[in-house]
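Try each task yourself, then follow the steps.

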Amino acid sequence: SSSAADVASSSVELQLPSERDLGVTALWPETRQLFGHDSELVCLDSYRAPAGEMTLVASSCKARNDVASAAIRLWHAKEGKCVAILKGGHRSTVSTMSFSSVGNLASSGKDRRICIWQKNGNAYDLTAAADSAHKRIIWSIHFCPKCPEVIASGSRDGFVKIWRLVPLDDGGLQIKELYKFEPRTKGNKKSEPVTAVAFAGTLLDDAQALLAIGTESGRLEVWAVPLANEESSPSTVHVVPLNDCHFDTVKKIAWRPNSEPSENSTRLTFASCGQDNAVRMHILT
């Protein structure tokens with residue numbers, strides 16, 4: 001019957017593409033595989049270097065509670081080879097990493113330690129660390145694109161912390177805590193684990209950074225973080241309505257690159273993905 005044909009037709013349309021079809025028609029087909037870790041990968045980040053420098057990919061894997069397996073590998077993106085192994089910063093799994101706009105790398109994870117690896121030419125040195133930066137595992141860390149000495153971290157302890165890298169006389173760096181705050185939407189919980197943080201690529205008013213945060217329950221919020229006046233406190237800019245949030249843990253947040261407001265449009269866009277297998281786009285006006 002025609003109704004049966006319609007049902008059959010609709011079921012075919014809803015089928016997911018095969019791996020072969022994805023490999024042929026994908027917008028970003030696979031070009032290279034990188035081997036070196038002893039166990040499954042946990043996180044990645046990349047640094048798009050200016051002309052004349054190496055574009056890097058940083059990777060970490062599930063560690064066995066020892067320094068060697070908790071190492072971070074740096075890869076030359078174009079040549080596909082490992083150019084450095086960063087050891088001595090962590091003793092357990094590195095769950096989050098972030099490159100700054102000037103090439104420094106921040107890492108953290110299960111050991112609750114934030115490490116700063118400073119870029120010195122083509123080499124990276126561990127120049128600063130904050131032990132017990134949070135009370136529980138740190139799920140997400142992110143450098144501010146417009147202010148590369150400012151970092152945000154989100155943890156299972158339910159707090160977001162803002163940090164500043166302070167230069168020392170010997171050329172090293174010190175990590176200074178600026179702010180500590182909780183998500184506004186915690187439901188009936190005493191604390192709501194923060195699983196994703198991301199700074200926007202533009203400032204709110206030349207003195208405040210925009211920070212999107214995601215939580216274990218799927219909620220999303222956008223905060224304004226003061227950069228110039230440290231006596232001020234971060235404030236909520238927008239709380240995404242419940243119906244537009246995820247139904248499970250937010251895994252990653254990313255702002256649209258070069259998302260600068262213009263005279264004709266003040267819209268800022270960010271995307272989020274969650275453990276509910278959903279990707280959502282959010283526009284701020």
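How many bridges pair β3 and strand β4 (residues 81-86), and in which sense do they run? Before the solution, some ground rules: this is a predicted model, where local features need pLDDT of at least 70, side-chain atom pairs count only at pLDDT 80 or more, and totals for chains, interfaces and linings use all residues. Residues are numbered from 1 along each chain as its sequence is written, and side-chain values use heavy atoms, with hydrogens and water left out.

**Exercise 1: the strand pairs**

Step 1. Strands here are DSSP runs (E, at least two residues), numbered from the N terminus. Two of them pair if DSSP finds at least two bridges between them.

Step 2. β3 and β4 pair over 5 bridges, in the antiparallel sense. Within that pairing, Arg73 sits opposite Ile85 in β4.

Step 3. Look at the connection: β3 and β4 make a hairpin with 4 residues between them, and Gly80 in the turn has a positive phi of about 70°.

Step 4. Now the other neighbour. Strand β2 (residues 56-61) is joined to β3 by 4 bridges, again running antiparallel, and Ala58 stands opposite Leu74.

**Exercise 2: the surroundings of His76**

Find what the side chain of His76 reaches.

Step 1. Locate it: His76 belongs to strand β3 (residues 72-76). With a relative accessible area of 11%, His76 is buried.

Step 2. Check polar contacts (pairs of N or O atoms within 3.5 Å; within protein, one must be able to donate a hydrogen and the other to accept it, and residues adjacent in sequence count only if both atoms are side-chain atoms). The His76 side chain reaches the backbone nitrogen of Lys78 at 3.3 Å. A polar atom of that side chain also lies 3.2 Å from the backbone nitrogen of Glu79.

Step 3. List contacts, meaning heavy atoms within 4.5 Å. Not counting residues up to four places away in sequence, His76 touches Met54, Thr55, Lys81 and Val83.

**Exercise 3: the salt bridges**

Which salt bridges can you find, and how exposed are the partners of Glu79 and Lys81, Arg113 and Asp131?

Step 1. Side chains of opposite charge can pair when their charged atoms come close. Here a salt bridge is a side-chain nitrogen of Lys or Arg within 4 Å of a carboxyl oxygen of Asp or Glu, and the count comes to 6.

Step 2. Glu79 and Lys81 meet in one of them (3.1 Å, N to O). Glu79 is partly exposed at 49% relative accessibility, and Lys81 is partly exposed at 43%.

Step 3. Arg113 forms a salt bridge with Asp131, their closest N and O atoms being 2.6 Å apart. The two are 18 residues apart, with Arg113 in the loop between β6 (105-109) and β7 (114-120), and Asp131 in the loop between β8 (123-130) and β9 (138-143). Arg113 is partly exposed at 21% relative accessibility, whereas Asp131 is exposed at 54%.

Notes:
Buried means under 20% relative accessible area, exposed over 50%, partly exposed in between (1.4 Å probe, protein chains only).
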